[in-house]
Structure formats: structure tokens, C-alpha cells
Amino acid sequence: MNRCINCFVTNKLPGSVFNERGLCSACLYKQKKIKKIDWKSRLVSLKKICKKYRCNKKNHYDCIVPVSGGKDSTRQAFYVRDNLKMNPLLVSCAYPPEQQTERGAYNMENLIRHGFDVHYISPSPQTWKKMMKYCFFKFGNIFKSCELALFATAPIVAIRENIKLIFYGENVSLQWGGDNQVSKNGNANNLKNNNTLSGGDISNYIKDGFRKNKLFWYDYPDKKLFNSSKLKMIFLGYYIPDFNDKQNSKFSIKRGLKVREGFDADPQNTGTVTNYDALDDDFVFINQMIKFYKFGMGKVAEQVSAFVRDKELSKDEAKKLVDNFDGKCSEVYIEKFCEFLLISKEDFWKVVNKYRFKNFK
């Protein structure tokens, strides 16, 4: 296992790409971002896209913004409405009540209070749990099916409502150095081919016993339907120079976003060094811990890598945070997760250790 020579991205991260000098794609993009990107030209391109899709005569809404109520989607919603002068429909795929935090519910309410229309989708909690349990045991990934629903809902709604444009936030390939097969620019139409969605195909779930009529919100539109709908999806962050965790959180907090506090903000418990990430769900800490064991980097490594690229931390300062907190996850969250899926902690750790990178201690 090797790490980027500048940050903490490992070559085990799905989709990671390193150049001959040992720099990951996120660090290379950051260098390009500082030196070569013509942001005025990108903004002009973005406004041209908006002009094309604004005032959809067949629908009241110009576009869709998928939201969770977190820092990124809050900024996206405001930027699309107030800066780009679009009329967005916000689409939210909700976690089951046992999984969603009260803070997450409050932050969604906060968006609604600011005057946005929201299409709120709540897939069956029973199916959600069965799918999550299946993916945990089969793939060592608790969010594989969850992300399929989270990403499929917006294009499903867009096609049904004849809305032609969807704004996503960051391009993970460029921002974090993984999923390099998705996109190297602002085009998000290939999003279903990221590592977790794996093409958006539900046929394997059906083969293993899940009923298709229970998986409507997991069934990502196929290529033929997607193309015939003429749907365009873009990464808003590609067009904005300061679209990042720090700026998005500052923007959103000023507009009422609630962040983590106390126990839920302690990096020893959460494996994260900021209090503004993953506000609507605590199971993300388990997912990041498993990611740490599988790929040699969890949330802290991801976060401080961005800080190093932005020169907010030295690599030595960042390394101390990685050594102290990366992969941490409180037993409180693990117990809550096991109770949610009705599994024992012994079975939980058997699965986690099964997928642990063999040379990673």
C-alpha cells in the first residue's frame, strides 16, 4: 500500500490514480486549479447551461438539486436559486427514522424554512435494512445499496416530472482522488458508474431474492431511458472556485445549519476532525472505519489531505491527526448499528475483519 507523496490518499482507494511522481489525482487537480483554471470562463459556461434549461415550458421547475440538508447541499440550493436565478425543486431521499439524526431532520426543516420546495422520498425502512444488511455481509460496505437509492431518486424524479437538469455538488474524482472513472470535468451523467453504484444495476439484488416491486427507488434509470429523457447532470463544484468543505460549512452555518456538538463532535469517537460532516446520520462513522481497514484511509485522512492541499496544515501536522484519529469509531455507534440490523457485535467484527486489507495492521 502506497500513499500520495503530498497527502494521505492511498493507492487502494477505488479509482485512485497516481502519476509517475507519486502524486494523486486530487493533488494534481489542486495544482491545476491554482495555476491554470479560468474561473470566469467556467462561470460563463455554467450560465449558458442555466440559460438553456431555465423556464422549462413543460414544467414549473428549472432544475433539481438533490439535498440531505447538510453543508454542501445547503450551499448548492442557495447558489442555484440566488446566484444562478434558477427555480429548483429540492429532492431528498430520507434515511429511516431510526437512522436519521434529529440534527439532520432539523437541517432539512431549515432548508424548507428558507422557502425551497422539497420533494421528500422515504423508501421502505424494512427494505432499506434488508438491503443494508445484505451489502454489509456480501461486500463489506454498509452504504452500497443506500447510495444506490440516494443517487437514483433524483434522476427518477427528474424523468417523471420532465425536469431536464440536475445539480450535484463536488466531483469526487477531482476533489478527493477516488472514483476516477466517473468524470474529469463538470459532467455528472456518468455518476452511476462510481465504485459504490457500479452501474446502478439492481439485477443482482433481484437474483439474490429481493423483489423488484420493492426496489423502485433503487432502480437507477437505464441508459436508454436516461438518454431519451435528454437529462443533463452537472457537478456545481466544478464551476465554483471555493466550493469546499470549509467554505460550504461557513456559508451554511450562517443560514441556520446545525453542526455536531459534544460527544458527537469528538474525533476520538467519530474518526473525523471537523464538526460539520455527516450531520444527518451516525452510521457514516462505521462506514469510514471499515473504509480505513479496507483501503488504509478513513475520513480524517481524506479531510486533512484537503487541508494540506489548501496549505492550512503542514503534512507533519496532518500526519499527527491521521495517526491519532483516522479509523476511530465509538462503540456507541457500533452498538446502535448492530441493533439497527439485528446482528451481534461478534458477527459485525467477523465481517469487518474479513474485508480488512491483509497487509494493513
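Helices (H or I, at least four residues) and strands (E, at least two) are DSSP runs, numbered from the N terminus. This is a predicted model, in which local features need pLDDT of at least 70 and side-chain atom pairs count only at pLDDT 80 or more, while totals for chains, interfaces and linings use all residues. Residues are numbered from 1 along each chain as its sequence is written, and side-chain values use heavy atoms, with hydrogens and water left out.

**View 1. Asn 162 sits in the loop between α6 (144-161) and β4.**
The phi angle of Asn 162 is near 60°. That is a positive value in a residue other than glycine. Most residues other than glycine have a negative phi. Asn 162 has 23% relative accessibility, so it counts as partly exposed.

**View 2. Strand β4 (residues 165-168) has buried residues pointing both ways.**
Leu 165 and Phe 167 point one way. Ile 166 and Tyr 168 point the other way. In a regular strand the side chains alternate between the two faces of the sheet. Strand β4 is joined to strand β5 (residues 232-235) by 4 bridges, and the two run parallel. Two strands pair if DSSP finds at least two bridges between them. Leu 165 has Lys 232 as its bridge partner in β5.

**View 3. Ser 229 belongs to helix α9 (residues 223-229).**
Ser 229 counts as buried because its relative accessibility is 11%. A polar atom of its side chain lies 2.6 Å from the backbone oxygen of Phe 226. Ser 229 also touches Ile 159 and Lys 164, not counting residues up to four places away in sequence. Contact means heavy atoms within 4.5 Å.

**View 4. Strand β2 (residues 88-93) is largely enclosed by the rest of the structure, because 6 of its 6 residues are buried.**
Pro 88, Leu 90 and Ser 92 point one way from β2. Leu 89, Val 91 and Cys 93 point the other way. Strand β1 (residues 63-66) pairs with β2 in the parallel sense, over 4 bridges. Cys 63 has Pro 88 as its bridge partner in β2. Between β1 and β2 the chain passes through helix α3 (residues 71-83), and this β-α-β crossover is right-handed. A crossover is right-handed if, with the strands pointing away from the viewer, the path from the first strand over the helix to the second runs clockwise.

**View 5. Strand β3 (residues 117-121) runs parallel to β2, with 5 bridges joining them.**
Ser 92 has Tyr 120 as its bridge partner in β3. From β2 the chain goes through helix α4 (residues 102-113) to β3. This β-α-β crossover is right-handed.

**View 6. Asp 208 lies in the loop between α8 (203-207) and α9.**
At 40% relative accessibility, Asp 208 counts as partly exposed. Leaving aside neighbours within four places in sequence, Asp 208 is in contact with Tyr 134 and Lys 138. The side chains of Asp 208 and Lys 138 are joined by a polar contact of 3.0 Å. A polar contact is a pair of N or O atoms within 3.5 Å; within protein, one must be able to donate a hydrogen and the other to accept it, and residues adjacent in sequence count only if both atoms are side-chain atoms. Pro 221 is 13 residues from Asp 208 along the chain, and their C-alpha atoms are separated by 21 Å.

**View 7. Helix α12 (residues 284-295) and helix α16 (residues 345-354) cross at roughly 40°.**
Their axes come within 9 Å. That makes α12 oblique to α16. Axes are lines fitted to C-alpha atoms, for helices over the stretch in contact, and angles run from 0 to 180 degrees between N-to-C directions. Angles under 35 degrees count as roughly parallel, over 145 as roughly antiparallel, 65 to 115 as roughly perpendicular and the rest as oblique. From α12, Ile 286, Met 289, Ile 290 and Tyr 293 meet Phe 348, Trp 349 and Val 352 of α16.

**View 8. Helix α15 (residues 331-341) packs with α16 at an angle of about 105°.**
The axes are 10 Å apart. That makes α15 roughly perpendicular to α16. On the α15 side, the contact includes Ile 334 and Phe 337. On the α16 side are Lys 345, Phe 348 and Trp 349.

Methods
Buried < 20%, exposed > 50% of the residue type's maximum accessible area, 1.4 Å probe, protein only.
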